[in-house]
Amino acid sequence: MQPKIDDSAPSAAARTTTSTSRRSSWDENEDSLLTSSTASLQSPQDKSRRSGPGPGPGLLIFPGTAQRHQHNPNGSTASKTIAKANDGNVAINQQGPNRSIRSFRRPPLWQPPQKDDDEEEEKQDLDREKPRDSHGACLAKVQAFIIEFLQGSSIHGFIYLAKLGLNFVERMLWFAFICVALFSIISLSKRTWHRFQTSPMVISMDRNKLVWNTSFPSLTVCPHKRIDELKVEDYILAHPDQFLSEEDQEDFRDFIVKLASLTYDNLETLPLNKSYGIPSSKYLDLLYELKWAFEPEISSGAAVKMFIYETHTEFGICHSVNSLVARYNSFDYWRSGDWSLLDHGDRVTVHPLDGEIYAQIINLSTAYDVYFHGAGDVPSISKQRYTFPESDYTTVELIALEIYTNEEARATKQRSCRFNYEAEEMMTVPIYSFGLCLSECRMFFALQVCGCVPHFYRNLCGYNHIFGTQIRNGRRLPVCGLEGIGCLVKIKREIISLKSDKYKINCNCLANCDDSNFFVQSYRSRVWFLGANLQWGILEHPKMQLRRDVLFSFADVLVYIGGLVGFFLGCSALSFTEIIYYFTARFVRRMFCN
């Protein structure tokens with residue numbers, strides 16, 4: 001068994017004893033021990049000399065190689081001693097009559113140092129102090145990382161914040177310059193963004209009149225006579241329990257006539273003392289049951305046929321010509337609960353080469369009010385109306401001014417107008433119109449204040465975002481009865497103007513992107529033996545048209561802001577990419593994957 005060699009440094013006495021024993025062992029033995037490598041390198045003469053008597057030192061070659069086998073020329077079995085690579089002193093023993101023992105020092109191979117008690121205690125102390133030192137090391141890493149970023153950044157001025165050789169005053173001066181540049185960029189960019197959000201469009205004039213078609217003027221006719229007296233008498237006879245006296249019958253005749261002509265202008269004229277057993281939800285049904293048969297006829301010289309549709313407006317039962325939205329306010333459309341788009345055909349247009357074109361409504365048979373408007377709009381209470389008697393033949397001449405939106409502006413949300421198909425915020429119709437939007441705003445304002453809506457509105461609608469009314473499609477709104485109409489009388493001026501100091505009103509109604517405005521240039525009337533007739537047309541074809549174009553697009557915003565950043569800081573889009581890269585991937589790698 002090979003003795004275990006201790007690598008630890010021996011004491012002075014032990015070293016002296018060992019040295020003495022080695023010298024005595026050297027003198028006693030005549031033959032020295034040779035390694036296998038040494039024996040292989042010896043010549044036969046050396047071997048013969050070594051076999052003879054006489055002492056002599058052995059030759060050791062490759063002292064760093066461990067001795068594994070002992071060469072025995074006599075063929076006898078020799079003891080084998082395997083030296084470990086980490087032993088400091090190796091003793092090789094050879095059996096035989098002439099035995100020599102040689103001890104030599106060999107540099108040990110590396111192995112993990114053995115831990116003693118002092119090292120263990122020191123490690124424990126370091127582990128206890130590590131949480132306190134890790135915070136400071138983390139701050140040092142962050143500081144070094146920031147300095148590296150400032151010195152390598154492509155943004156002008158950042159390098160002077162971390163450049164060597166600058167004093168504190170110089171660094172603060174450069175820091176102030178950078179702050180002024182950033183403030184200028186932010187303030188000017190905010191102005192640019194505000195301009196893009198509020199006024200990115202421009203309205204210009206187009207004078208190429210020979211390439212466009214002008215919309216023919218649309219109008220809505222509201223007759224003064226709306227109740228058929230014979231139908232009223234039949235209704236009184238059918239309900240004798242509601243009319244016990246002649247006075248009740250007369251009051252009912254007056255009540256139903258005023259109810260049919262009820263609008264915001266004459267709310268106070270309706271008698272509020274008796275309802276005659278009629279629920280407010282049945283007001284509209286009763287009016288259409290007792291209405292007078294107003295059936296005007298229309299003729300025109302245009303190539304496209306014009307149609308006249310019955311519609312219900314804020315002025316009661318009326319008829320519209322050349323309108324794209326009138327049918328959505330018809331009583332049949334409301335009663336069926338329909339929300340689909342209708343095939344209303346194309347609007348009638350005229351060209352300067354067509355000459356003078358007039359349209360005519362005949363067989364009016366009563367006095368009437370007229371509202372002129374565009375094909376995509378409805379009459380509004382704020383627009384001017386014209387009243388003509390039942391015995392006159394009236395001719396009205398108008399001038400037109402149209403505005404249309406360029407195709408490029410259709411994709412811009414900041415164009416401050418809406419097309420007919422952009423009806424996401426409409427609650428009563430599936431099509432957008434500026435006049436319809438104002439009517440809905442008045443309706444929900446009345447619902448907010450008085451808790452009901454007038455009977456001349458469609459009481460089937462959805463959720464309203466303006467006044468926060470929780471209503472789902474298919475649910476009917478309460479219709480104002482006599483008490484509700486009395487409430488509307490108190491706020492009718494605020495409803496008409498949509499302005500109030502007491503209530504918050506925000507209709508969010510935008511103009512039509514493609515709109516036509518008509519102005520009455522002149523009109524003349526003369527007595528006509530065939531009854532009331534109305535003729536209207538364009539006096540003179542317009543020589544100018546307004547066009548809505550994009551003046552400031554999002555690309556212009558990027559160019560403007562990019563120019564500001566390049567002017568004040570001298571950086572580009574790649575500089576911002578560099579910042580993102582530094583403070584994401586590179587920061588994580590430097591802090592946690594060192």
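The structure is a predicted model, in which local features need pLDDT of at least 70, side-chain atom pairs count only at pLDDT 80 or more, and totals for chains, interfaces and linings use all residues. Residues are numbered from 1 along each chain as its sequence is written, and side-chain values use heavy atoms, with hydrogens and water left out.

Two packed helices are described by the angle between their axes and the distance between the axes. For α10 and α11, the axes come within 10 Å and cross at roughly 105°, which makes α10 roughly perpendicular to α11. Here axes are lines fitted to C-alpha atoms, for helices over the stretch in contact, with angles running from 0 to 180 degrees between N-to-C directions; angles under 35 degrees count as roughly parallel, over 145 as roughly antiparallel, 65 to 115 as roughly perpendicular and the rest as oblique. On the α10 side, Ala446, Val449 and Cys450 meet Gly484, Cys487 and Leu488 of α11.

Leu270, in the loop between α7 and α8, counts as buried because its relative accessibility is 3%. Among the residues that Leu270 touches, leaving aside those up to four places away in sequence, is Ile485. The C-alpha atoms of Leu270 and Ile485 are 8.6 Å apart in space, although 215 residues separate the two in sequence.

Turning to the aromatic rings, those of Phe, Tyr and Trp (its six-membered ring) pair if their centres lie within 6.5 Å, and planes under 30 degrees apart count as stacked, over 60 as edge-to-face and the rest as tilted. By this rule there are 36 aromatic pairs. Tyr160 and Trp174 are stacked, at 4.2 Å centre to centre with 5° between the planes. Tyr160 belongs to the loop between α4 (117-152) and α5 (168-198), and Trp174 to helix α5. Tyr160 is partly exposed, at 28% relative accessible area, and Trp174 is partly exposed too, at 31%. Phe315 and Tyr371 form another stacked pair, 4.5 Å centre to centre and 20° between the planes, and both are buried.

Note on methods. Helix = DSSP H or I, 4+ residues; strand = E, 2+ residues; numbered from the N terminus. Contact = heavy atoms within 4.5 Å. Buried < 20%, exposed > 50% of the residue type's maximum accessible area, 1.4 Å probe, protein only.
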